[in-house]
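Hello,

Here is the structure I promised to pass on. Please open it first, then read my notes below.

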Amino acid sequence: MLPFDILEYQNRMKQTKQKMAERSIDVLLITDPANMYYLSGYDAWSFYVHQMLIIIIDEPQPLWIGRYMDANGAKATTWIYDENVIAYPDEYVHSSIHHPMEFIAEILEQIGQGNRRIGVEMDHYYFTAKAYERLTSSLPNATFVNGDLLVNQVRMIKSDQEIEYMKGAAKIAENAMYQGVNSIYKGARECDVAAQISYHTIAGTERFGGDYPSIVPMLPSGERTGMPHLTWSERTFMEGDSVIVELAGCYKRYHVPLARTVNLGPASEKLNHIAPIVLEGIEKVLDATKPGITCAEMEEIWRNSIKKYGFEKEARLGYSVGLNYPPDWGEHTASIRKDDHTVLLPNMTFHFIPALWFDHYGIEISETIRVTETGCETFTNFPRELMIRDGFATPSHDGKIS
C-alpha cells in the first residue's frame, strides 16, 4: 500500500534528522498529517483527534501514537514496525478528564526520552494550546523548542515520484475544470457547478483515480468575484456574470491547483481591460522563472509588469504547493512575495496565482509550476485567456466546452 519505495522514506528520515541536528532537536513530535504521511505513509481521516509521529534522532524507526481504532490503519499504511504503532484507549478521545498528550508523555518517559530537547510543530492547525500545555506539564524535565516547518522544508524539493503524482493530479485538475466550465450557463446554480467539479475531482480520469482535495472548489460569481475565498451558494448565473473557478486535482495526496475566470456573454469593459494585463504579467514571470532566482525576484517582475498600467497587488503571488490535507494545499514555506528570498531549485513546485481583486469584480488565472533544470513548466495545459461562454449555452453531451 506504500506510495513510495522504502528507500525514499529512509532518505526523508535522513534529511529530517539532519535538520533536527541543525536545530539541536533530539525528539521531533509531528502532528501535521501531511508530514506524518510524508515520513511514514500514514493516510487516514483521523486527524480530527490527537495523533502523533515521533522521530527520535538516534533511533532508526519512528513511533506512531494515535487512537485505538486507527492503529490497524497505521500498521497497514506505514513502513514502520507494528510494535512501533502505539494506541491510546478511547477514554482519551474528546475527554474533559484525560488528554492524549498525557498518554504520549508517559510513553516518552518510559522509553527514556523525557529529559531531552523536544521539538513540536508550534504553529499548526492540529496542535492545540491545550495539547502543548498538557505535554509541557507532563514532561517537566524536557526542554521544548519550536520544530515548526522543519519537515515542510524537506518537502519543498520533490522527488521524481512526487512529480509524477503531481502530473496525475494535473490531469484530474484539467478534467474537473473542463467539466466545471462546461456546467456554467444562464440559469445554472453555483452549487450545481460545484457538484460537477467535486464529482470529477474525486472520480478523476481513467488512469488517475482522484483523492479529496484539501480545499473545496472556490466559485464566486458576479460582484462576489472580488471576494476570492467564497465557495458557492444556490445563486443562479445571469447573463453578463463573471465566474471565478478555483480548484485542485489531487492524486496520492499531491495537489495541482488551477484557477480560471469565465464570463457569460460579453465581458465588462473593466474585465476586458485587466485580463490582458494579467496574462502579460504571467508570461513575463514564467519566462524568467528558473533555478537560481528568488521568490522576491519573481514578484518584482510581476509588480513592474502591472505597475506600468497603474495596478498593484497587495497579496502574495503564490506559494509552495504539493502534498497536504485539509484545510490547505499550500506547504507553508516559500511564498512568491517581495520579502521572500527563497532561492528556486529544480523540482520545487508552486501555485502561481497572480490574481487581481477589486471591490465589485476580480480575475483569477493561475498555474501550478515546476522549476526545471533550465526554467519552469506548467503542470496543466488549459486555455489561459478570459473564457467567454454563450450565456444561453447548456452543457454539451460530449463533455467539451461549447
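Please keep in mind that this is a predicted model. Let me start with the inside.

β10 gives the most to the lining of the largest cavity: three residues. Both β10 (330-335) and α6 (150-155) supply at least two lining residues each. By class, the lining has six nonpolar, five polar and four charged residues. The volume is about 60 Å³. A search of the whole structure finds three cavities of 30 Å³ or more.

Y325 also turns up elsewhere. The charged end of R253 sits over the Y325 ring, 4.6 Å from its centre. R253 lies over the face of Y212 too, at 4.1 Å from that ring centre.

Now the aromatic rings. The count comes to 22 aromatic pairs. Take Y9 and W79. Their ring centres are 6.4 Å apart and their planes are at 25 degrees, so the pair is stacked. Y9 is in helix α1 (residues 6-22), while W79 is in the loop between α3 (71-77) and β4 (85-88), 70 residues apart. Y9 and W79 are both buried.

Y42 and W64 make another pair. Here the centres are 5.3 Å apart and the planes are at 55 degrees, so the pair is tilted. This pair also links distant parts of the chain: Y42 in the loop between α2 (33-40) and β2 (52-56), W64 in strand β3 (residues 63-67). Y42 and W64 are buried.

Finally, one aromatic cluster is formed by F4, Y9, W79, Y165, F208, Y251 and Y254.

Best wishes

Conventions
Residues are numbered from 1 along each chain as its sequence is written. This is a predicted model: local features need pLDDT of at least 70, side-chain atom pairs count only at pLDDT 80 or more; totals for chains, interfaces and linings use all residues. Side-chain values use heavy atoms; hydrogens and water are left out. On a 1 Å grid over the protein atoms alone, a cavity is a set of points where a 1.4 Å probe fits but cannot get out, and a pocket is an open set with protein on both sides within 12 Å along at least five of seven lines; lining residues have an atom within 4 Å of a point. Grid points are joined across faces, edges and corners, and a volume is the space filled by probe spheres set on the points. Helices (H or I, at least four residues) and strands (E, at least two) are DSSP runs, numbered from the N terminus. Ala, Val, Leu, Ile, Met, Phe, Trp, Tyr, Cys and Pro count as nonpolar, Asp, Glu, Lys and Arg as charged, and the others, Gly among them, as polar. Rings of Phe, Tyr and Trp (its six-membered ring) pair if their centres lie within 6.5 Å; planes under 30 degrees apart count as stacked, over 60 as edge-to-face and the rest as tilted. Buried means under 20% relative accessible area, exposed over 50%, partly exposed in between (1.4 Å probe, protein chains only). A charge sits over a ring if NZ of Lys or CZ of Arg is within 6 Å of the ring centre and within 35 degrees of the ring normal.
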